[in-house]
Amino acid sequence: SMSSYALLIGATSFGETGLPKRSEGEANTRSVGQLLESLGIPPDNQMILTSTQSTRPGCESRLRRLCKSLQPTDTLWVYYVGYG
């Protein structure tokens, strides 16, 4: 059976740089999660990473775990907000 998943990343800062904190990233990411829920992706199928969870190691770990459970017919939505 086909399932849909989402990896939603709201990075609010960019490491130890002098770039300003993007505090709206967390709220925007949660809003996208609510939108995807209204489109049929349940919260249990959404991985929302913000603040201290949105580091490179945190994102890579969650993505590796997610990829182990995905099936060829599944859909994965990826959303990122923050400095690229």
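The buried residues of helix α1 are covered by a set of elements that includes β1 (4-10), β2 (46-50) and β3 (75-81). Covering here rests on contact, meaning heavy atoms within 4.5 Å. The helices (H or I, at least four residues) and strands (E, at least two) are DSSP runs, numbered from the N terminus. This is a predicted model, in which local features need pLDDT of at least 70 and side-chain atom pairs count only at pLDDT 80 or more, while totals for chains, interfaces and linings use all residues. Residues are numbered from 1 along each chain as its sequence is written, and side-chain values use heavy atoms, with hydrogens and water left out.

Let us stay with α1 for a moment. The helix takes in residues 24-38, 15 residues in total. From its first C-alpha to its last α1 reaches 21 Å, close to the 21 Å expected at 1.5 Å a residue; that expected span is 1.5 Å times one less than the number of residues. Which residues of α1 are buried? They are Gly25, Thr29, Val32, Gly33 and Leu36, where buried means under 20% relative accessible area, exposed over 50%, and partly exposed in between (1.4 Å probe, protein chains only). Seen down the axis of α1, these buried residues fall within an arc of 105°, so they line one face of the helix; the arc is that of the directions from the helix axis to the C-beta atoms. On the face turned away from the buried side you will find the exposed residues Gln34 and Ser38. After α1 comes Gly40, which has a positive phi, near 105°.

Not counting residues up to four places away in sequence, Thr29 touches Leu8, Ile9, Gly10, Ile48, Thr50, Tyr79 and Val81.

Now turn to the strands. Six of the seven residues of β1 are buried, so β1 is largely enclosed by the rest of the structure. β2 is mostly covered too, with four of its five residues buried. β1 pairs with β3 in the parallel sense over seven bridges, and with β2, again in the parallel sense, over five bridges; two strands pair if DSSP finds at least two bridges between them. Gly10, in turn, stands opposite Thr50 in β2.

The loop between α1 and β2 holds Asn45. Is Asn45 buried or exposed? With a relative accessible area of 17%, Asn45 is buried. Leaving aside neighbours within four places in sequence, Asn45 is in contact with Ser4, Tyr5 and Ala6.

The other helix to visit is α2 (residues 56-69), where Leu63 is found. Leu63 has 33% relative accessibility, so it counts as partly exposed. Beyond its neighbours within four places in sequence, Leu63 is in contact with Leu7 and Leu76. Leu63 and Leu7 are 56 residues apart along the chain, yet their C-alpha atoms are separated by 7.7 Å.

If you are wondering about cysteines, how many disulfides does a search of the whole structure find? The search finds zero, taking a disulfide as a pair of cysteine sulfur atoms within 2.5 Å. Cys59 counts as buried because its relative accessibility is 13%, whereas Cys67, at 44%, counts as partly exposed.

Finally, step back to the whole protein. It has two helices and three strands, which follow the pattern β-α-β-α-β when read along the sequence. Of its 84 residues, 30% count as buried. Among contacts between residues at least 6 apart in sequence, 73% join residues at least 24 apart. The protein exposes about 5600 Å², and carbon and sulfur atoms supply 54% of that area; accessible areas come from the Shrake-Rupley method with a 1.4 Å probe, and for residues only the protein chains shown count as cover.
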